[in-house]
Amino acid sequence: MRPPGMTRDSRMVWDDCLRTIKKSVSPQSFKTWFEPIKPVQLDTEVLTIQVPNKFFFEWLEEHYVQLLKKSIRQELGERGRLVYHIPDSGSQSNGHSSSNGKLDTRPSADKDSEPVPGSFDAEMIKNPFIIPGIKRIKVDPQLNPNYTFENFIEGDCNRLARNAGLAIAKKPGGTAFNPLFIFGDVGLGKTHLAQAIGNDVASKIESKAVLYVSAEKFTNQIIQAIKNNSVNDFVNFYQMIDVLIIDDIQFLSGKQKTQEIFFHIFNQLHQNGKQIILTSDRPPKDLEGMEERLISRFKWGLSADLQAPDLETRMAILETKMEEEGVDIPSDVLEFICYNIKNNIRELEGVMVSLLAQSTLIRRDVDMDLAKEVIRNFVTTINKEITVEFIQQLVAEHFSVPVEKLHHETRKRNIVIARQLSMYLAKKLTNKSLKSIGEQFGGRDHSTVIYSCKAVQDMMDTDIVFKDTVEEVEKKLKMSLNM
């Protein structure tokens, strides 16, 4: 208990709140939504906290308001209140009053003031059916109907982006994440997620004009508009779109005229409360050859990255897709494929197509032999022997720690256990000497390797859960190399 009369500051109160909150949310949610919050000021029964942006405020209000209310009243009494401070906005909001208009000063869209396109060539955007004198337009959204939220499997690698997409689909242009900037490496689902938002809006809100276009096609349209002296009509048309999705925005790099025209379209759409969704292979700050004023606007909303899916997510994706095709896949085959295809969902889908072709066209059962044949077409470098480096990579992935941490001095328990297990498996599964193994863990000596091996064996003898973990990691190693 805290000594009577002890004075608490905002940091102490918020730390106490966090202890309560941490018991009620997952570690990932705590790290994502509560660790970035900073206490600012304590005024008797009112605690002011700083959140990174309006997106955070809206998310906390929608998903965690009752938990925040409980924790703050537990610390400050029944009259305790929470106030949000958003940097650069100059606004604050009562944490338990979700209808504060001060936080959103953007003007609402004025439908009656929408421009009507004139001589703009409608064929540059496939069949938009522009009818002179009628303000509402009907546009072919250019969406793939197979890209939906239902078949976009959620995991830690994409949860933030997917949940933001769902919120946008319910209220396009009406959330704090406008624009939504989705970025990540090739084959991680950026196009799928962006089009899923468009498909959801198009199916549920018929009054909204949705359009998907690649940055390359957008550039070609501008070139044609310049040739036809119809740039104004081109801009007018795009300003009538309610949800604009531009894929691979990085391809506008170095195209000054295209960026200039897009800048004006972006401003008009954003000012009128229209939704903008952009995808890229890199975050806004890393876009080279892009005007600073555009990069600044890309940062206005939410930048959400898609990361490589973990094993469980890869397995869920493959299993779901095979079930959709009516093909049964044994669990050991499923695991084997997902151990070997790690970084690219597109490659995973390629494996699925190959399995389906073999299964349906030549009537082969989907078994381990078939999976090995198919995998060889996708994995260019196959490890034929277990190496210390490979063990380190797989163990680090299993424990969700950076592999380089296994080489450094640290007392963090999860890293220490990962390092000791890596040494244990290296001694068991490779022909390396104890001295050689130790050198590959930051220059440690043979006695450290011996100690680590004994520590792992002792834990296996006394902890059945840890023993299962060791067996699972060893199984992963052997399966990944069983080609």
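Predicted model: local features only at pLDDT ≥ 70, side-chain atom pairs only at ≥ 80, totals over all residues.
Residues are numbered from 1 along each chain as its sequence is written, and side-chain values use heavy atoms, with hydrogens and water left out.

Back to the charged pairs. In helix α1 (residues 10-22), Asp15 and Arg11 are 4 residues apart, which means about one helical turn separates them; their side chains meet in a salt bridge at 2.8 Å, N to O. Helices (H or I, at least four residues) and strands (E, at least two) are DSSP runs, numbered from the N terminus. Asp15 is partly exposed at 29% relative accessible area, and Arg11 is partly exposed at 38%. (Buried is under 20%, exposed is over 50% and partly exposed is in between, using a 1.4 Å probe and protein chains only.) Another pair is Lys285 with Asp286, whose closest N and O atoms are 3.3 Å apart; Lys285 is exposed at 61%, while Asp286 is partly exposed at 36%.

Now for helix α9 (residues 256-271). Its 16 residues reach 23 Å from first C-alpha to last, close to the 22 Å expected at 1.5 Å a residue; the expected span is 1.5 Å times one less than the number of residues. Its buried residues include Phe262, Phe263 and Phe266. Among the elements covering the buried residues of α9 are α7 (215-227), β7 (243-247) and β8 (275-280), with contact taken as heavy atoms within 4.5 Å. Just after α9, Gly273 takes a positive phi of about 75°.

Strand β5 (residues 180-184) pairs with β9 in the parallel sense over 5 bridges, pairing being called when DSSP finds at least two bridges between strands. Phe181 stands opposite Ser303 in β9.

Last, the cysteines. Cys157 is buried at 9% relative accessible area, and Cys453 is buried at 11%. The structure holds 0 disulfides, a disulfide being a pair of cysteine sulfur atoms within 2.5 Å.

How values were computed: Salt bridge = Lys/Arg side-chain N within 4 Å of Asp/Glu carboxyl O.
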